[in-house]
Amino acid sequence: MKKSTKWRTIIALLLMYIAILMNWQWAWGILFLLWVIPDVLTGITYFIEPIEKKENPLLYWVIVISWILMALYSISTLFIDYEQFYY
């Protein structure tokens, strides 16, 4: 069996390391979007374990909406300085 190199995964992992080091909160928003888009298309999301929309619709939508809200919040850090609200 031939192994394939997963370049997209390797690049994404490297970018996440850079995002952590640079404190780029918006990068997490991109990652959340990359998680949620296929979940909506397939009707299955993964959070600790697979959750199917047809079997657990409420839990499925709570997770999917959570990913979307976290994505929006994270991406909004490009435009809004939330630290100003703490001081």
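Predicted model: local features only at pLDDT ≥ 70, side-chain atom pairs only at ≥ 80, totals over all residues.
Helix 1 covers residues 7-22.

Now look at what helix 1 shows on its surface. T9 belongs to this helix, and its relative accessibility is 54%; the cut-off for exposed is over 50%, so T9 counts as exposed. Further along the helix comes Y17, which counts as partly exposed because its relative accessibility is 47%. Y17 is also part of a nonpolar surface patch of about 1,100 Å², along with W7, I10, I11, L13, L14, L15, I18, L21, M22 and W24.

For a sense of distance across the model, take T9 again and pair it with N56: they're 47 residues apart in sequence, and their C-alpha atoms are 29 Å apart in space.

Next stop is helix 2, residues 25-42, where you'll find D39. This one is worth a click: D39 is buried, yet it has no salt bridge. The nearest side chain of opposite charge is that of K53, and it's 11 Å away. A salt bridge would need the Lys nitrogen within 4 Å of a carboxyl oxygen. So what does D39 touch, once neighbours within four places in sequence are set aside? Its contacts are I44, T45, Y46, Y60 and W67.

Conventions:
Residues numbered from 1 in each chain as written. Heavy atoms only, no water. Patch = residues over 30% accessible without salt bridge, like charges linked within 9 Å, V, L, I, M, F, W, Y side chains within 5 Å. Areas by Shrake-Rupley, 256 points an atom, 1.4 Å probe, with all protein chains shown as cover. Helix = DSSP H or I, 4+ residues; strand = E, 2+ residues; numbered from the N terminus. Buried < 20%, exposed > 50% of the residue type's maximum accessible area, 1.4 Å probe, protein only. Lys, Arg positive; Asp, Glu negative; His and termini not counted. Contact = heavy atoms within 4.5 Å.
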